[in-house]
Amino acid sequence: MLLKIHKWAGLIAGAWLLVLGATGIVLDHDEWRWARQLTVPQSWVSPQVARLLPATRMRHVAVDPANTRRWIGGSERGLWWTDDGGAQWSSVVFDSLVDETPQVTSIVATGKRDAGLDGVYLATDDGIWVTTRNGRQVERLGLAGVFINQMTEGSYGGELAGVIGHDRVFRLNVANPDEVSFTEFHDVEVAGLPEQVSLYRFV
């Protein structure tokens, strides 16, 4: 009897560890687009999890300076536009992509009032894109196929700066996007950082 209990307990524990390991690997790979965009019915999750779902739809937004009811918003799940202050949203078309939706990691708005939502730059898991048709469509700008973790305005007008792979910084002139300069930070010493890492981060 004890042998059977021991055997079944071991099989159940092994199955549970297999699930934990497999899901941990998936969660650790931001570049796996399918893992961020695969969906299940909301009825499958608890009310506590369902309460957090809106944050996974919209992490970054830009608002038309001339019309505050016109927005674009995105996340790793895609990009959308609204003309009614967010009551209804429609998917933004990524030019030249069929059945693909890049993960949006940053939105950089130029803030030019006369441009509306044209000329807003998007960092994605497939390079940099720029909005057209007042935010309803986007065209590729540069760094195709490159996963960009974060992006912001550069130190001068018309420049974008961002991070690739968490340690490679790029600077790109939007007028000449094929010319990109890179700076890598591998052996950097930062004063004041703790010498120990928390157990949570280690695990």
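This is a predicted model: local features need pLDDT of at least 70, side-chain atom pairs count only at pLDDT 80 or more; totals for chains, interfaces and linings use all residues.

I would like to start with Arg-136, which lies over the face of Trp-81, at 3.8 Å from the ring centre. By the rule used here, a charge sits over a ring if NZ of Lys or CZ of Arg is within 6 Å of the ring centre and within 35 degrees of the ring normal. Arg-168 is placed over the face of Phe-182, at 4.0 Å from the ring centre.

Residues are numbered from 1 along each chain as its sequence is written, and side-chain values use heavy atoms, with hydrogens and water left out.

Now to the rings: how many aromatic pairs are there? The count comes to two, where rings of Phe, Tyr and Trp (its six-membered ring) pair if their centres lie within 6.5 Å, and planes under 30 degrees apart count as stacked, over 60 as edge-to-face and the rest as tilted. Trp-71 and Trp-89 form an edge-to-face pair, at 6.4 Å centre to centre with 70° between the planes. Trp-71 is partly exposed at 27% relative accessible area, and Trp-89 is partly exposed at 31%, where buried means under 20%, exposed over 50% and partly exposed in between, with a 1.4 Å probe and protein chains only.

Phe-94 and Trp-129 also form an edge-to-face pair, at 5.2 Å centre to centre with 85° between the planes. Phe-94 lies in strand β5 (residues 93-94) and Trp-129 in strand β8, so this pair ties together parts that are 35 residues apart in sequence. Phe-94 is buried, with a relative accessible area of 5%, and Trp-129 is buried at 0%.

Finally, let me return to strand β2. It pairs with β3 in the antiparallel sense over five bridges, pairing being defined as at least two DSSP bridges between two strands, and Trp-71 stands opposite Thr-82 in β3. A hairpin joins β2 to β3 through two residues.

How values were computed:
Helices (H or I, at least four residues) and strands (E, at least two) are DSSP runs, numbered from the N terminus.
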